[in-house]
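Dear colleague,

Please read it with the coordinates open beside you.

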Amino acid sequence: MKGHRMDWTIAALLAVAIVATVGAAGVPSWIRYLGQLSTSTALASVGVMILLRAGLLSFGQSLFYFVGGYAVALIARYGGVTDALALVMVAAIAAGLAAAIIGQLLAGYRGIFFSMLTLALSMVMFSVATKVRLFGGSDGLNIGLMSYLGYRPRGPDAQWASFVFCIWVWTALAIMTHAFLRSRFGALIPAVADNEIRIEYLGYSVRKVVWVAYGIAGMLAGAGGALAGLSARHVDPQFAYWTTAGDFIFVVLLSGQASVLSPALGAFFLEILRSYASALFPDQWQTAFGAMMLAIVLFLPAGLDRLIVLIWSAVRKIRALRPHTLERGRSS
Amino acid sequence: MKTKLRLWAASTAAMLVCLTSIHADPAVAEDKLKIGLVFFLSGPGAAYGSHARDGAKLIAEALNAAKVPAPYDKAGINGLRIEPVFVDEAGGAQKQLAEYRRLVESEKVDMVIGYNSSADCNAIAPVAEELQVLTDFFHCGNPQLFEDIVTAPEYSVRTAPTGTMDQVAAAKYLLEKMPAIKSVSGINQDYSWGQDSWTEFKAAMSALKPDIQYPAGLFTKLGTSDYGAEISALLSSPADALFSSFWGGDADAFALQASTRGLTEKSKFVLTMGTGIIDDLGEKTIVGSIFGARGPHGYFARKTPLADWFKAEYLKTYHRVPPFGAYAAAQGIFGIKAAYEKAAAGLAGKLKTEAVIAALKGLTFETASGFPITMANNNGHQAIQATAYGVYAGWDKAKNEAIVTDIKVYPAECVNPPNGVRAVDWIKSGFKGAKC
Amino acid sequence: MTDLLQCIGVQRRFGDFLAAKGIDLTVRHGEIVGIIGANGAGKTTLFNIISGYLKPTDGRIMFRGMDVTGLPPRFLVRQGIARSFQVPQLFGRSTARENMMIALSLLAERRPSILRRFSERGLIDQAERVLSAYGIGEHADAVVANIPQGVRKLLDIAMATCADPALVLLDEPTSGVSSDEKNQFVSGLIERFRKASTAVIFIEHDMDIVREHASRVIALYEGRIIADGAADVIFADEDVIRFITGAAGGASPQVKDRYASA
Amino acid sequence: MGTLSAIIVDAASFSAWLFLVAVGLTLIFGVLRLLNIAHGAFYSVGAYAAIYAIGASVALGWGTALQLAAALGAASVIGALIGLLVERCVLLRLYGHPEPLVLIATYALFLVLDDLTKMISGGRSLYAAQPRDNLGQIAIGGLQYPTYDIALIGVSLMVAAAAWYTLNRTRLGRCVTAVVFDSEISAAMGIHVGRIKTGTFIVGSVLGCIAGALTAPKIAVSPGIGVEVIVIAFAVVVVGGLGSIPGALLGAAIVGLARAVTAHLMPEVEVFAVYFAMVAVLAVRPHGLLAPVAARRI
């Protein structure tokens, strides 16, 4: 916690991004694709994590995931824009705006009622989307190939470029979110969960904190949805379905809330888990997946990052033991 | 805190490295053909997809054992043993794309047959083209797949006709049975299958009889179990006929509830996926209703050695008559086999994907229903087939099977748009170029 | 010198129950006012109303000559009304230093910046200075949920008052503080506020402390003020003795009626 | 006129079903403060149990009453067993953990249980309409309704009355209410809080299974029927006020009416009528219609 030392979270984020970029070509495209899905899920989940730190469980982040995904699809389709970065930015802003508007209503809600209202709003969106022709109904919309600041990859390169793009968008947004969370404003977020009265008596509006947190979470989910749309080159109303929001929550619980990196780990783990469950048990993957989920909740309720902490402290203990035994060996 | 994060980077990197090494990389065996088979195995779609899986499994095993009658009596596919890899289609397009890539790259399948949901087909087809893997969209029915999504398909094929055929034939059959009909209502599921079915049916009906009325077009959520309100609404202003593209549990529940409330006596039911209801409900099915089977399957099948063998073998294995999902899966495999063996021209061993696809274009192949399929449309990537409708007349207790009467078969060129014509334009043009 | 705070006919109703029955009260700059009264007399309700947590059903609150009736706490805090709580309101999962840092970044900076780091040297040092000034610097690293009640009380007050308010409301500052430390505890606080010529209103059950520190005492009974004046006058008041400071027996029925029917 | 009476009967019949589905959910929430996603799976387990029980009793030549008794009996036994197992093995270990974690645990249970029903039934859709057919039809306002469906309205009112009576007029009910109010004080007063929680969860699970069992004769029981049910039950419970039995009744009535009205008059908007009702109610009354609002204190 010292002043101007290097920030290890940012270092780790950059390291992951660089390793992923350099290693991308050597990784099969299906794992790259899982990585892309993980970045998009991770961004939405970081939003869930922010809200959860404020003590709010949003069961409707799928709404902004949907807005982000469809913003990309609609602008690419009807506006002819093919630059991925521009599309992601517009999508994030659109979702952030939507969240800012809805947040005005939601900022006064707490607990299960907050969850249920977010869920209901997301399901309204889902139901509407299955009916609207412009949105392609339940079939959704396909998205064409993208360009990246003038670079127009085709064929196998397109998927590689898309992966690298996703990784760096995630990294940039994760760094920004990290900076936000450790800012003076960001310090208020856990404070909301701790004691709303004290914040009000320190002269600040709790509503405003919740509203900003919700807006940022919405923006992140929108960026996530945009990446998901760009990766799959397809969006459909499933984006807004409650189980999608359930995935984001699951990711945060799975990974823990230690840092903005946690949800990325959780998301990647989730994708791998789902992939292997359906590969190994095509008929019973739900059972396998559910059982695994249950096991994690029961035996690792603090999340996977807790596991890493445990392993790390065990490693340190072993390391601490070693010179000790050596010394004893020498003295005898 | 710091150390934890340092470990973070290390473990993430390690995980990536591990995963790349985990993925299976067996030496490519030249004597077998690995096929990814993707059907709904869970959720509401399983009511349909599990039959497709059963059918595909039966055909794959029988082909490997060379037990299938002519013209598919050669073992496996061109002598290559079929190795099926089953995947569940449930979970949405995002998950399916991941599964598809895994099938292709990790499982190293030679081809993929599957996908029932049009959303999945739309999402996967562009990737199939990109990865250059023969992918047979065995039963999704949306004409848009090759009209809008992949307009110049090279690696995507569909060995089943589009849903257009079902709606057009249903309209024709209904008018033949009830020439004086004045009104038709509809009840369909509220997603693209139901929405498109109702739109196409209305268009076909209006093309055939312009003054027809449509008093009610109801849509219900997939998985609705109580249809009380809809049935009351349909009863309070009954139309002469009721059109529905319901399938699976929804179709069964609706049929049960509608018949006890007398809706069947007021409106003639037209059920494009109706044989599924016969399969599930047996003797409780609505007598006098018009049934389709997404093709000339099951009760409409012709008697050929292949068709008879399939029906008997399915009955023996699964103790029921084959539902249409099983037929669709069977024709998917047969189509590939026919093309493969045509391309091989007697030479043993594996072929290039492109050669197989070239052979499939325009090919006519035999199916388990006895009605051949021709890959006639969209540059030979889209199948057309004859279809049939009939009336459920009751249950034959002695034989323990359904009695289906008034079967009428519509030739493929009569109910499918000609090559190069969009389905919707073709219907609006009054079926220009149809050969009935 | 103008009046700092004026309550005019303040009433507050909860359903059928009147918790404040027309309270008139004036506090001048730099005054140290003690409020006494039995449990349920409406002391905390009065604080809740003055600090904006509750809206009065009737009546007006003037602060520095401005009508602030019904304004929320966050606004009044910025106007200079600070308040501590009977049960300290802290961020239980953070350390004492972090609590103080949040208070400083909100009160001293006026607005929490999204662009400035929370754990900046400057803010940390400032927080530690305030903590040391209150003599609780040694607890800076402890998570608040685990520190002793007396320290929590001080932290609560320190956080509330870190931006030099004009009026401080202290709700039972000595509850939870051991009896032999009470006097020192309060005199430290009062000394601090007196030096800064901050007006203080404090609720206190220990009459010795009130007598010693309050320049003026207000006695509340069943939602209304029954006496207001210099400490020795109030403690000699007949009603005050009967209802508040006297024998535990409590009020005679007639007197009770006199004040209850308002 | 005909439409109006049809709307009323349809709304009543659909509301009755909704209430049966939602009552167990709201009861469990009321006592355990736990939103049980697995409730949807209990529903489908109950439906499958009923299908097999009715099938067996028809084969034995039993009458309608016995068929229904068998269905309810089977569903209750299985519901009680699963409820006990889930509470003892999973939830007991999670009390005191954050709400979302428990929510996810019940979601995991939902996935597992839902898949298990598929494994047992082989994924086919099954039906057992005999009891419903045997009871015949009644004509109301010129339309035919199955007596069974109309009888369900009575059944759900009886369930509501029984639940209300148990909670408000019996000693056991007062113990449950005490636990809802403050479980620590209840424990201090000698109430077995653990047992009350286990008991409530079992009763809630049984109610979920019974809802499935009573629905089974109306529908074709097929994989995935629990997914829709759980979301709609959430809507009902949230609209009425979480944890309140009269609230569930009111919520069911509102959602049922919304559906019936749209099905008759505006079929285009029927799919989102339910969620729209939920948003509208929550926007006006953040805690649902009948939930007691807890006062906040400093």
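Asp406(B) counts as partly exposed in this predicted model, with a relative accessibility of 44%. Its side chain meets that of Lys177(B) in a salt bridge, at 2.3 Å from N to O.

A second salt bridge of chain B is formed by the side chains of Lys34(B) and Glu107(B), at 3.3 Å from N to O. This pair, too, links distant parts of the chain, since Lys34(B) belongs to strand E1 (residues 32-39) of chain B while Glu107(B) sits in the loop between H3 and strand E3 (111-114) of chain B, 73 residues apart. Lys34(B) has a relative accessible area of 12%, and because the limit for a buried residue is under 20%, Lys34(B) is classed as buried.

Glu238(C) is exposed, with a relative accessible area of 52%, whereas Arg242(C), at 27% relative accessibility, counts as partly exposed. Returning to chain B, salt bridges with shared partners join Lys34(B), Glu99(B), Arg102(B) and Glu107(B) into one network. Over all chains, the structure holds 48 salt bridges.

The interface of chain B and chain A comes next. Chain A gives 53 residues to the contact and chain B gives 50, and the two chains bury about 4,800 Å² between them, with 62% of that area on carbon and sulfur atoms. The rule finds 4 salt bridges across this interface, including the one in which the side chains of Glu130(B) and Arg233(A) meet at 2.0 Å, N to O. Between chain B and chain A there are also 15 residue pairs in polar contact, counted with both residues at pLDDT 80 or more. On the side of chain B that touches chain A, the elements that give two or more residues are helix H1 (2-22), strand E2 (81-88), helix H3 (93-105), helix H4 (118-131) and helix H7 (192-208) of chain B. H1(B) provides the largest share of that side, 16 residues, and the residues of the side as a whole divide into 23 nonpolar, 13 polar and 14 charged.

Some backbone features may deserve a look as you step through the coordinates. Arg233(A), already named for its salt bridge with Glu130(B), has a phi near 55°, a positive value in a residue other than glycine. Arg233(A) is placed in the loop between helix H9 (206-232) and strand E2 (234-235) of chain A, and it is buried, with a relative accessible area of 15%. Gln132(B) also has a positive phi of about 55° although it is not a glycine; Gln132(B) is in the loop between H4 and strand E4 (134-137) of chain B and is partly exposed, at a relative accessible area of 47%. A cis peptide bond, with omega about 5°, joins Ala70(B) and Pro71(B), and Pro71(B) is found in the loop between helix H2 (46-64) and E2 of chain B.

Lastly, the aromatic side chains: the count comes to 39 aromatic pairs over all chains. The rings of Tyr227(B) and Phe254(B) have centres 5.6 Å apart and planes at 85°, so this pair is edge-to-face. Tyr227(B) is in the loop between strand E7 (217-220) and helix H8 (228-236) of chain B, and Phe254(B) is in helix H9 (residues 248-260) of chain B, 27 residues apart; both are buried. The rings of Phe42(D) and Phe201(D) are edge-to-face as well, with centres 6.2 Å apart and planes at 80°. Finally, Phe59(A), Phe126(A), Tyr241(A), Trp242(A) and Tyr107(D) form one aromatic cluster.

With best regards

Notes: Residues are numbered from 1 along each chain as its sequence is written. Chains are lettered from A and ligands numbered from 1 in the order in which they are written. This is a predicted model: local features need pLDDT of at least 70, side-chain atom pairs count only at pLDDT 80 or more; totals for chains, interfaces and linings use all residues. Side-chain values use heavy atoms; hydrogens and water are left out. Contact means heavy atoms within 4.5 Å. Buried area is the accessible area (1.4 Å probe) that two parts lose on being put together, summed over both. A polar contact is a pair of N or O atoms within 3.5 Å; within protein, one must be able to donate a hydrogen and the other to accept it, and residues adjacent in sequence count only if both atoms are side-chain atoms. Helices (H or I, at least four residues) and strands (E, at least two) are DSSP runs, numbered from the N terminus. Ala, Val, Leu, Ile, Met, Phe, Trp, Tyr, Cys and Pro count as nonpolar, Asp, Glu, Lys and Arg as charged, and the others, Gly among them, as polar. Buried means under 20% relative accessible area, exposed over 50%, partly exposed in between (1.4 Å probe, protein chains only). Rings of Phe, Tyr and Trp (its six-membered ring) pair if their centres lie within 6.5 Å; planes under 30 degrees apart count as stacked, over 60 as edge-to-face and the rest as tilted.
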